[in-house]
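Please read it alongside the sequence and the structure shown here.

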Amino acid sequence: MTESEIIRGCQRGKAKYQKALVLRYSPIMMTVARRYCRDDHAAKDVLQEAFIRVFRAIDRYQETGSFAGWLRRIVINLALQSKDKASYHREQTGLEEITHPLVAPNVVQQLGAEELIALIQQLPDGFRDVFNLYVVEGYAHDEIAEILGIAPGTSRSQLVRARQKLQAMILQQEKETYVKRVG
Amino acid sequence: MSNELDKHIGETLGRYESSVDAEALWQAVKPPRKRKPWLWLLLLAGVIAVAGGLWSWSAMKQQDQVVEGDSPMVDHTVLFTEKDATFTIPESGEEVASTSVQESAVSEMPDAMSISSGTEKVKELPPATPTNKATEEKEIAANGNTVNDKNSTTLTKPMKLEVNQSVVDLSKEKTTVNSSDQNEEPVVVLSSLSESRQLDTEPNTETVPVLVAPAIETLVFGPEFTEEKEELTIATPVASAYRRSKNSPFFAQIDVAYFDLQRKLENKDSLNWDWASERTNSEQLLEGLSADLSFGYRSRSGWQFRGGIGYTQLNTLFASTVTTQTVDTVQGLTMLVYNPDNSVDSIFGSVAYYETTTRQKQTYNSIRQWELPLLAGYNFELGRLSLLVEAGVRLRLNRNWEGIVFNQDLGNNFQDLSTTDWYRTGLDLGLQGGIHLAYPIRPQIDILAGGSVRYNLQDFSGDNSPFTERYQLLGGQLGLRYRF
């Protein structure tokens, strides 16, 4: 079943194609949702809501761009909307001073996807969103600022701090692993 | 280092596929299937519309039969041979009718010679009364054969004329009897004839008898009918039309039925007995709905045979309520220590919190079948009613299904039936029997009501189904039968 067949079947409201769409795209979209959410439960809720929205809105989808990209944007938007905005701003304003740890490149390369997702999920919402939008999605700071409703400068600073926080967490993780291994 | 980290994360997570229970997700996001009661309403409306159309058509057909088929057409001249007299009747159906009625009274006419000669007026008679008293054997009524018989009637005897109200009204007409010898056989002018009266042609001492007609030689029915049809209140044609329609052996029938479902559901694998049990508990049997269109033949002896196309839908309701509880931990205050010096120490640690989620799911499942019913029956006549006892087979032509049930793990996971091959799709056979009462609401239309039972000889489940599943149906049926 090709992507075009699935899309046309979904546009006709056929359950068979809707299910095929869910089966095909849910794993990768779950990764997207997990990157933007605090935990997997929240990610599941976002993903579920995203597919419901997709079924409602798929009539408006024009087959000019990537369907996966369209789906991904829906998941990201819902993930961003699902957050408590008040908490989001508190986290942005309550940032602690982060030192500048240095992580060895080989340590970074050893990190698997699940470990990375777990680390990203531990980032504060503001850091996490900017980091994901910039590093994984490839948005520029101006676009991120528009999406999140913040200043571009804030986006830049959030990204720097997110990197520092990640490196600190990676170092901490590496340290704990080392301690376990040695003693 | 930042670039290394960004690059690694981007490459790793950009195409990474997380583990997710896609089936459960699908069940959670699946758009609810809408029941379509409007389909059945539409079908019912269609049945009513067809019945109404047949009813109207039948009524129109009867009217046409009265006017065209049963209206007597006659010539306008009656010859009285013995006295060489001519009995001239104006052109109208009414007069034809009157002539036929007159004919019925011929035997009562003693002797034409006893009729007084001379031009006489018929005595005034009382106005017509609508008592529908027809002269039975010669009544023109609605039977063409009778009319034809009259066409060739030759009267050789003098006659006594009797005008019967149910057939004609000649009050506005004028009948003239011409005699070849007006001295001896005068013209009699029927200036006023009306219904339910006897036109006595015997001599009357006070009023001169009516007709001086020794005999009527021929009555020839002609092709034209020029008078106003509404005056032709010929005896009701319903009875004869009904008799005629009943003679047609072919009929069409529409049935709708509502069934109670009986299901036999077992696991094929004895180790999975929980699955069938769980399915029984979570899936409520609703109803079976059916509609048939058939055509048949009914013999004079009461036997009938019919076959057609049928649609049957078996509905069930799947409902589940699943409660899940997740435990998560957060860092929080776990203890307060009150020291002797009145200071308080806060001890932080992991605090567990529980999140309970209740999900309710409700879906209408259905099995839909197209079938070929072949039925034989016998009609017991019970006066106006008739009792139809019939039985036969239903050859299933096509089957499809839709819905969900619990998955084999019996957790919060569901199995979409439409994606399974759990049911047989090939030809299948079932038995059907029923008893119905039929009542004629129109001469050609019967309404039927009764009970019906359907017994499926084979399981519905296919080789790949984890269950053995079979449905039996018992319920009520309504139908309309149109006899051609």
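Over all chains, a search of the whole structure finds 26 salt bridges, a salt bridge being a side-chain nitrogen of Lys or Arg within 4 Å of a carboxyl oxygen of Asp or Glu. The model is predicted, so local features need pLDDT of at least 70 and side-chain atom pairs count only at pLDDT 80 or more, whereas totals for chains, interfaces and linings use all residues. Residues are numbered from 1 along each chain as its sequence is written, chains are lettered from A and ligands numbered from 1 in the order in which they are written, and side-chain values use heavy atoms, with hydrogens and water left out.

Four of these pairs are listed below.

| Salt bridge | Closest N to O distance |
|---|---|
| Arg128(A) and Asp125(A) | 2.2 Å |
| Arg163(A) and Asp6(B) | 2.3 Å |
| Glu381(B) and Arg298(B) | 2.5 Å |

Arg128(A) and Asp125(A) lie 3 residues apart in helix H8 (residues 125-136) of chain A, about one turn of the helix; helices (H or I, at least four residues) and strands (E, at least two) are DSSP runs, numbered from the N terminus. Both Arg128(A) and Asp125(A) are buried, where buried means under 20% relative accessible area, exposed over 50% and partly exposed in between (1.4 Å probe, protein chains only).

In chain B, Glu283(B) and Arg279(B) are likewise buried. Glu381(B) is partly exposed at 44% relative accessible area, while Arg298(B), at 17%, counts as buried.

Helix H9 (residues 141-148) of chain A has His141(A), Ile144(A), Ala145(A) and Leu148(A) as its buried residues. These cover an arc of only 100 degrees around the axis, and therefore lie on the same side of H9(A); the arc is that of the directions from the helix axis to the C-beta atoms. Asp142(A) and Glu146(A), on the other side of H9(A), are exposed.

At the interface, 28 residues of chain B are in contact with 41 residues of chain A, contact meaning heavy atoms within 4.5 Å. The two chains bury about 3,100 Å² between them, 69% of it on carbon and sulfur atoms; this is the accessible area (1.4 Å probe) lost on being put together, summed over both. The rule finds 2 salt bridges across this interface.
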